[in-house]
Amino acid sequence: MSHAINNLLTAMADDALIQGHRNSEWTGLGPVMEEDIAFSSMAQDKIGHAWALYRILQEDLGGSDPDHFAFLRNEKDYRCCHLAEQPNGEYDFSLLRHFLFDHAEAVRYGRLEQSTFAPLQPLARKLKGEIKYHLLHANAWVSQLCRAGDESYARMQAALNRCFPLALGLFEPQEGEEELMAAGVYPGEKALQAEWLDRIYNILSPAGLNLPGVEAVTPAYGGRRGYHTEYLQPLLDEMGAVFRTDPEAIW
Amino acid sequence: MYGGGYIFDEPNKRQLKDEQLHDDPEKLAAFEARIARGEKIEPGDWMPSEYRRQLIRLIEQHAHSEIIGALPEGTWITRAPGFKRKLALIAKVQDEIGHGQLLYNAAETLGKSREAMINDLLSGKSKYSNVFNYPAETWADVTVIGFLIDAAAIVNQVANAKGSYGPYCRALERICYEESFHLKQGHDAFIELATGTPAQRAMLQDALNRWWQPIMHFFGPPDKSSVHSEKLMQWKVKMASNDEMRNQFLDTYVPKIWELGLSLPDPALRKNDSTGKWEFSDPDWELFKKVINGGGPCNKERLNVRKWAEEHGRWVRKALMHPGEKITAPAA
Amino acid sequence: MENNQSLDPRVNRLQLSISGDPVVVRDGENWNVFEVFHQEKRGAHHEHVGCVHAPNAQLALVFAKEQFGRRKKCVNLWVVRSADILAFNTEDEDMFANNLEKTYRDASGFKVMEKINRYKKSGKE
């Protein structure tokens, strides 16, 4: 059982870490100062979520030091999905990814408030307010940009088409998932995905965007088993660049 | 974060024209009396056009310095070692953007739009602090910037916060509060390297050596070579002379560097106990001018990155803009 | 940076244009201005803390939350279009000038104890 919980938490933490990193790259480069500040805060929140999960792995499941675990593993040992790994590209892609990712987080943490794995409950409650703001931000942007002229609408639809199969990778079946469901740790990826699809449909449809059918696309799976896109390794090299020069030193 | 070394108008232009001072002697007298009483000037008040012009210039350069200042440290956002340093660095760079936002708003109350200021930055017409035209080569550079450049900026900003223009003072009050976090996190990271492994110490010493001259440049040319701007002092636009601020910085921070057993690349640097003033070798002021005029190692990249951000953010701004809408300046 | 390689890996991913063409931001592209009011705790007044540029009130509030509520205590924020603020001209400050003299509006203008003491004193005599 602890092996399965380990898998789940590592996947969640790695998603948040890599997504937070990507979003943090916008700090100082955003489309307008006010948005730059908001997006940076949410990037910090994500990295903070990852840190909190790595600490649970360390304190409750006998894992290693969060800094070492987060920044010094081999690529194969990361469990993040391919959505988070993609480079930022244009702001449309980053915004849509943020929208899909944060709704997934909201669904997941919402369910974890009732998890039988005790350390997850207080964490889920603690992050609730932060995630609520992330959704307010994402929903406002997506809804407004879809109603803001042809170019803006076309960009949002194109970004959705590109992000959607990648985002399904957020719900790639986890090893040991049935065991966790039976024990009441969480309801399993399938149930989370269904709830997520409902939620995003309720925002995207009034905004006039066409949500591709789940059956019509190939979900970007592999991340949960350690198979990653070409973009992860260079990012990991960067993230650990200073740390790796002397992992024993204090920075 | 960053003030210091502002480029006021060239000396020949700086001579205040008679008609600017005497267009309405009664109003000018009331304005100057208000400042002399220690009261603040607010956006709707009558003010001499030269006061308005120099303030826009000052606040605008300060704002540009913040958003350009986000770039050298931003260099290390993806590589910052460990969670704590990484989050602190992102939060700090974010604050610089936040400071830029506050300062552009303050300048807008004087009648220049944010768009016009950004355009003047991109075209090179308006300057920013020279120090950000140098590269952050290693992680140690981030700690030197966070500790010493922010410290220098605080000296400058605390002085400016006592100035006469209300909106600028209010922005600076908030900025100075956040700078105290910057300085502390910078000092902490700096000390970690200074007290760490031999390789960490060497990295820090190397960064100090490279940044010392830009830091000495930070407060601008010595008072003796710059035309006295007595009017700007009287109007509380300029609050302290370059030499005074440089001396105050050296007095507070050189001991904090030396106490860690680090050296500074200036054998002449010492405090003269009889005068209480610091002595140092004259930094290369020709280089200072060259960098201001675009000849620094990173001038081109800094502006190109800003241009990228403006260009690639345009569709977002344009999609939600309301053409023809009357744009209002901030109220205060 | 002659080879256009930056020390910042983020910047290298941006693929900066080296054309040197001027970039011009159009008037109004940074949207309109909203004043922001911050409430530190329940029961306290909302106090003016600054402003944000935003295309509408909804995004103004989203922006204000991080620009003015990311540090220190905050329980709520208001945003209002700067254009909707009505204020006195600063030269009309003299309308308020005699406030402090109008002691009949103020508790300090009424010396009750003096009168009581005078009465008590007079009764004893």
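Guide: The model is predicted: local features need pLDDT of at least 70, side-chain atom pairs count only at pLDDT 80 or more, and totals for chains, interfaces and linings use all residues. Residues are numbered from 1 along each chain as its sequence is written, while chains are lettered from A and ligands numbered from 1 in the order written. For the complex, the predictor gives an ipTM of 0.97 and a pTM of 0.95.

Between chain A and chain B, 42 residues of chain A are in contact with 35 residues of chain B (contact: C-beta atoms, placed from the backbone, within 7 Å). On the chain A side, the elements giving two or more residues are α1 (2-24), α2 (33-61), α3 (66-72), α6 (120-146), α7 (150-168), α10 (232-239) and α11 (241-245) (DSSP runs numbered from the N terminus; helices are H or I of at least four residues, strands E of at least two). α2(A) gives the most to this side, with 11 residues. This side of chain A divides into 21 nonpolar, 12 polar and 9 charged residues (nonpolar: Ala, Val, Leu, Ile, Met, Phe, Trp, Tyr, Cys and Pro; charged: Asp, Glu, Lys and Arg; polar: the others, Gly among them).

Chain C also touches chain A, in a contact that takes 15 residues from chain C and 14 residues from chain A. α1 (9-14), β2 (46-54) and α2 (57-69) of chain C each supply at least two residues of the chain C side. α2(C) gives the most to that side, with 7 residues. The chain C side has 6 nonpolar, 4 polar and 5 charged residues.

Here α2(C) meets α6(A): their axes come within 10 Å and cross at roughly 145 degrees (axes are lines fitted to C-alpha atoms, for helices over the stretch in contact; angles run from 0 to 180 degrees between N-to-C directions). The crossing is left-handed (left-handed: the near helix is turned anticlockwise from the far one by less than a right angle; right-handed: clockwise). A:Tyr133, A:Leu136, A:His137, A:Ala140 and A:Gln144 of α6(A) meet C:Gln58, C:Leu59, C:Val62 and C:Lys65 of α2(C). By class these are 5 nonpolar, 3 polar and 1 charged.

In chain B, the axes of α7 (residues 139-160) and α9 (residues 198-218) come within 9 Å and cross at roughly 30 degrees. α7(B) and α9(B) are therefore roughly parallel, and α7(B) passes α9(B) in a right-handed crossing. Residues of α7(B) including B:Leu148 and B:Ile149 meet residues of α9(B), among them B:Trp211 and B:Phe218. The contact has 12 nonpolar, 1 polar and 2 charged residues.

Conventions:
Two residues are in contact if their C-beta atoms, placed from the backbone, lie within 7 Å. Angles under 35 degrees count as roughly parallel, over 145 as roughly antiparallel, 65 to 115 as roughly perpendicular and the rest as oblique.
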